[in-house]
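Please read these notes with the model open beside you.

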Amino acid sequence: MSIIQSGSHVVLVNSKTGDLKCVRLPRRQSVYIKPLTFDADSLLGQRYGQKYEVVKHKLVKINETAITVDEPLEHCGKTNQFINDDGSTQILSQDEIEAMKAKGVAGDEIVKTLVENSTSFKEKTEFSKSKMVKKENKTKHQPNIVCKKPSLRLFCSSPSSKLRPDICAKILNNANVWCGSKSIVVECKDDLLTSAVSQRSGPTGTVVQVFEQKLPHIMYCKWLDFSKDHLEAICYYPLKISC
C-alpha cells in the first residue's frame with residue numbers, strides 16, 4: 001500500500017544530515033529526526049516517496065519547481081572571476097535570516113529573499129545561479145525530509161548495514177528460498193537476513209532463526225510491517241553451546 005496509515009512504519013531521510021530513521025507513526029505524537037521535530041499526524045494519508053520541509057512543526061510538501069532562475073539560458077560571455085563571494089554581497093544579516101526561520105518562514109521563501117538581496121547574483125553565470133539556488137535549498141535553508149516505504153533494499157543499502165543488496169539476493173538464490181519453503185537462519189547481529197528469507201517464503205512458509213544472545217532479533221521484521229500470520233511463521237530458537 002502506498003498510503004501512509006496510522007501505526008505503519010516509515011523511513012525518514014534528512015537531506016541535510018543524511019540521517020536515516022525508521023519510525024512507527026502513532027496519532028497525536030511528535031516524531032524527531034535530528035535536528036527536526038514534527039507532528040506525526042501531518043504524514044498520515046500521504047504517499048510514500050514525497051519530500052517535505054518542516055514549517056512550525058508541520059510537514060509541508062516541497063514544490064520542486066518553486067524556485068527557478070528567471071533569466072533565459074544564453075551564452076553571454078559572463079564569468080565569475082571578479083565576483084567577491086565572501087558573504088559581503090548579501091544585504092541581509094545572519095540575525096535577520098535567523099529571525100525569518102524563527103517565524104516559520106518556508107525555506108523556498110527564505111532563498112528567494114536571499115537572492116533578491118544579493119548584489120552579486122545578477123552578475124553570476126546561469127550555471128552558478130542554478131547551483132547557488134540548489135545549494136541554498138538542499139543544505140542550508142530548506143532541509144527536507146524524504147518519507148520512504150520500508151524495504152529490504154533500502155535497509156541493505158543503508159551505511160550501517162553489513163549485508164549488501166546483491167549479496168542478500170545471492171544468498172536467497174543459492175539457498176533456493178521460495179514461497180512456502182522451510183528455512184533455518186543463524187544470525188548473531190540482527191534479523192535482516194531472517195526478514196529477507198521470511199519475506200520470500202511468505203506466511204505459508206516457516207523460518208527458524210537460531211540466535212546466541214539472550215533475546216532474538218525482531219527489529220526488521222517489525223519495520224517491514226509483516227502481517228500477524230507472517231510473524232507467526234517465524235520461530236526463534238536459542239543456540240546454547242556446551243563447553
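The points below run from the whole chain to single residues.

1. Basis of the notes. This is a predicted model, in which local features need pLDDT of at least 70, side-chain atom pairs count only at pLDDT 80 or more, and totals for chains, interfaces and linings use all residues. Residues are numbered from 1 along each chain as its sequence is written, and side-chain values use heavy atoms, with hydrogens and water left out.

2. Overall make-up. The protein chain has eight helices and 10 strands. Helices (H or I, at least four residues) and strands (E, at least two) are DSSP runs, numbered from the N terminus. Of its 243 residues, 40% count as buried. Buried means under 20% relative accessible area, exposed means over 50%, and partly exposed is in between (1.4 Å probe, protein chains only). Take the contacts between residues at least 6 apart in sequence: 61% of them join residues at least 24 apart. Contact means heavy atoms within 4.5 Å.

3. The H5/H6 pair. Helix H5 spans residues 165-174 and helix H6 spans residues 192-201. Their axes come within 11 Å and cross at roughly 55°. Axes are lines fitted to C-alpha atoms, for helices over the stretch in contact, and angles run from 0 to 180 degrees between N-to-C directions. H5 and H6 are therefore oblique to each other. Angles under 35 degrees count as roughly parallel, over 145 as roughly antiparallel, 65 to 115 as roughly perpendicular, and the rest as oblique. The crossing of H5 and H6 is right-handed; that is, the near helix is turned clockwise from the far one by less than a right angle.

4. Who makes that contact? H5 supplies Cys168, Ile171, Leu172 and Asn173. H6 supplies Leu193, Ala196, Val197 and Arg200. By class, the contact has six nonpolar, one polar and one charged residues. Here Ala, Val, Leu, Ile, Met, Phe, Trp, Tyr, Cys and Pro count as nonpolar, Asp, Glu, Lys and Arg as charged, and the others, Gly among them, as polar. An α-helix has 3.6 residues a turn, so residues three or four places apart point the same way.

5. Burial of H6. Eight of the 10 residues of H6 are buried, so H6 is largely enclosed by the rest of the structure. The buried residues are Leu192, Leu193, Thr194, Ser195, Ala196, Val197, Ser198 and Ser201. After H6 comes Gly202, with a positive phi near 75°.

6. Ser201. This residue belongs to H6. At 0% relative accessibility, Ser201 counts as buried. A polar atom of its side chain lies 3.3 Å from the backbone oxygen of Ser198. Leaving out residues up to four places away in sequence, Ser201 touches Val177, Trp178, Cys179, Gly180, Ser181 and Val207.

7. Ser198. Ser198 also sits in H6 and is buried, with a relative accessible area of 1%. Beyond four places in sequence, Ser198 touches Val207, Phe226, His230 and Ile234. Its C-alpha is 8.0 Å from that of Ala233, 35 residues apart along the chain.

8. His230. Look next at helix H8 (residues 228-232), which holds His230. Is His230 buried or exposed? At 8% relative accessibility, His230 counts as buried. Neighbours within four places aside, His230 is in contact with Ser198, Gln199, Gly202 and Pro203.

9. Positive phi outside glycine. Asn176 is not a glycine, yet has a positive phi of about 55°. Asn176 is in the loop between H5 and strand S8 (182-186). With a relative accessible area of 53%, Asn176 is exposed. Asp225, again not a glycine, has a positive phi of about 55°. Asp225 is in the loop between helix H7 (219-223) and H8. Its relative accessible area is 37%, and Asp225 is partly exposed.

10. Lys58. Strand S6 (residues 58-61) contains Lys58. At 41% relative accessibility, Lys58 counts as partly exposed. Residues up to four places away aside, Lys58 touches Asp39, Ser42 and Glu53. Lys58 and Thr37 are 21 residues apart in sequence and 8.5 Å apart, C-alpha to C-alpha.

Definitions and conventions:
Polar contact = N/O pair within 3.5 Å; in protein donor to acceptor, adjacent residues only side chain to side chain.
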